[in-house]
Amino acid sequence: MTYDRTVTVQAPFDRVQQDVRRALADQGFGVLTEIDVQATLKARLGHDMEPYLILGACNPPLAHQALEADRSIGLLLPCNVVVRSDGDQVIVQAVDPGTMVTLTGLGSMAPVAEEATRRLDAALASLTAPEA
């Protein structure tokens, strides 16, 4: 089972992470949490690694619908989006909202997951679309 939706972008990391935030906002997602994994591992373990951010994205209406269907779904919220360097490219990965349906087994979660998937896919697609 795949649990991610991924695109690869040929651009500097700082620009891509800004573009990801903008693309998420365009699709109604706010970034509620941010974990700078690179800085955290350096500070706590003295470990050097490539730039790696975990953004906790939330679309409030969709989160509300999901919570109404299953109060425990908060265990899977917000939707994590990873922005990480990989050589001269940046990989952007979003958790596949379909995992909410698979893990809960609730059919009532399907419409929420489908809409979240549509919006996350649009955000990811905008990152690789040619500039006008």
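## Packing of α3 against α5

In this predicted model, helix α3 (residues 60-69) packs on α5 at an angle of about 155°, the two axes lying 10 Å apart; axes are lines fitted to C-alpha atoms over the stretch in contact, with angles running from 0 to 180 degrees between N-to-C directions. That angle makes α3 roughly antiparallel to α5, a term that applies over 145 degrees. Where the helices meet, Leu62, Gln65 and Ala66 of α3 are in contact with Val112, Glu115, Ala116 and Arg119 of α5, contact meaning heavy atoms within 4.5 Å.

## Nonpolar cores

The largest nonpolar core has 21 residues, and those with the most contacts inside it are Val16, Val20, Leu24, Val81, Val83, Val92 and Leu127. Such a core is a set of buried Ala, Val, Leu, Ile, Met, Phe, Trp, Tyr and Cys residues joined through side-chain atoms within 4.5 Å, where buried means under 20% relative accessible area with a 1.4 Å probe and protein chains only. At least two residues of this core come from each of β1 (4-9), α1 (13-26), β3 (52-58), β4 (79-86), β5 (89-95) and α5 (110-128), and α1 gives the largest share, five residues. Helices (H or I, at least four residues) and strands (E, at least two) are DSSP runs numbered from the N terminus.

Apart from this core lies another, of eight residues, among them Leu62, Ala66, Val112 and Ala116.

## Basis of the values

Residues are numbered from 1 along each chain as its sequence is written, and side-chain values use heavy atoms, leaving out hydrogens and water. Because the model is predicted, local features need pLDDT of at least 70 and side-chain atom pairs count only at pLDDT 80 or more, while totals for chains, interfaces and linings use all residues.

Notes. Buried means under 20% relative accessible area, exposed over 50%, partly exposed in between (1.4 Å probe, protein chains only). Angles under 35 degrees count as roughly parallel, over 145 as roughly antiparallel, 65 to 115 as roughly perpendicular and the rest as oblique.
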